[in-house]
Amino acid sequence: MAFSPLTPVFVAIICVLIVIILKGSRKSSKKEHSKACQKTESRPWVDEDLKDSTDLPVDEEDDGGEWQGLDDNIAHIPFSTERYAEEDMVKRSKAFYELLNKRRSVRFISDEPVPREVIDNVIKTAGTSPSGAHTEPWTFVVVQDAEIKHKIREIIEDEEEINYKKRMGDKWVNDLKRLRTNWIKEYLDAAPYLILIFKQVYGRLPNGKKKTHYYNEISVSIACGILLAALQNVGLVTVTSTPLNCGPRLRVLLERPTNEKLLLLLPVGYPRKDATVPDLTRKPLGDIMVVV
Ligand SMILES: Cc1cc2nc3c(=O)[nH]c(=O)nc-3n(C[C@H](O)[C@H](O)[C@H](O)COP(=O)(O)O)c2cc1C
């Protein structure tokens, strides 16, 4: 057999090419593997029921980009608001900060009754919140019935015990240690009111089709912030709670429709005389504000 003098050169080139191709494929499979790992990274504190793509509305029953039936001929009216002297602005801003800086999450709530009118007013206040395209995608369920409060407690303690003992990792349990929380939630029976805040992931148009609720979770979260401030303003306490994986059972118990998902639960009342809170500090202004 006759060999050309160039044969060893060809063989060497082919070998180099094979090595390059093999290295390339290994790198891309490594990248895919690490991407897959990132995707499946465990985040047990993210409530399954709250994972939805409602801010990117695409499904078979969607409005399909149709006109949503909103009145685009709405009148635009003059607007004016209180104008304060600068000195008063400084005083008011300081006073409001001092009021809200006293807000704490209180897990020891007294069973002393609270006037219903106050609850109506704080919820009206929460309803003044801005919302994506003025969709007002919130429902505030106020539970005052002792039996329903107890059923809520049973559902939450059931799930929370599993969360603490099985679902959540050591990291979560350790992070919560300093707050001394556990799955026993006495305040769910004691508080005169439980306010369960549902986000409406979509609404209904007069023709029965789905109405897109843009940014519904952000909108409802802002409303909750305003509600917390309104509660603080009247001297009531609460603890912002996110009963993990309880949403569907609580929704069924409270007979809410399927477009509503539980975002937060706020037990509301006066603090117990023996209430304690963890001695937390808040970040100073320099750590939370950047001025450019
Ligand atoms: C989104 C969110 C979820 C929370 N979930 C819970 C909860 O499920 N249970 C609880 O006891 N506290 C919960 N908290 C309260 C925090 O632990 C509390 O706000 C934090 O420790 C700071 O304390 P402070 O509210 O007294 O300033 C939650 C707070 C937020 C904002």
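Mentor: Let's take the pockets, then the ligand, then the cavity.

Mentor: This is a predicted model, where local features need pLDDT of at least 70, side-chain atom pairs count only at pLDDT 80 or more, and totals for chains, interfaces and linings use all residues. Residues are numbered from 1 along each chain as its sequence is written, and side-chain values use heavy atoms, with hydrogens and water left out.

Trainee: What volume does the largest pocket have?

Mentor: About 1100 Å³. A pocket here is an open set of points on a 1 Å grid over the protein atoms alone, with protein on both sides within 12 Å along at least five of seven lines; lining residues have an atom within 4 Å of a point. The volume is the space filled by probe spheres set on the points, which are joined across faces, edges and corners.

Trainee: How does the lining of the largest pocket divide by class?

Mentor: Into 25 nonpolar, 7 polar and 10 charged residues. Asp, Glu, Lys and Arg count as charged; Gly counts as polar.

Trainee: Switching to the ligand. Where does it sit?

Mentor: In the largest pocket. That call requires more than half of its atoms to lie within 2 Å of the pocket's grid points.

Trainee: Which polar side-chain atom lies 2.9 Å from a ligand oxygen?

Mentor: One from Arg103. A polar contact is a pair of N or O atoms within 3.5 Å. A polar backbone atom of Thr240 is 2.9 Å from a ligand nitrogen, and a polar side-chain atom of Thr242 lies 3.0 Å from a nitrogen atom of the ligand.

Trainee: How much of the ligand does the protein bury?

Mentor: 64% of the 620 Å² that the ligand exposes taken alone. Those areas are Shrake-Rupley, with a 1.4 Å probe.

Trainee: Last topic. How many cavities of 30 Å³ or more does the search find?

Mentor: 1. The largest cavity has a volume of about 40 Å³. In a cavity, a 1.4 Å probe fits but cannot get out.

Trainee: What lines the largest cavity?

Mentor: Arg103, Arg104, Leu228, Leu231, Gln232, Leu236, Val237 and Thr238. Arg103 and Arg104 are also among the residues around the ligand, with a heavy atom within 4 Å of it.

Terms used:
Polar contact = N/O pair within 3.5 Å; in protein donor to acceptor, adjacent residues only side chain to side chain.
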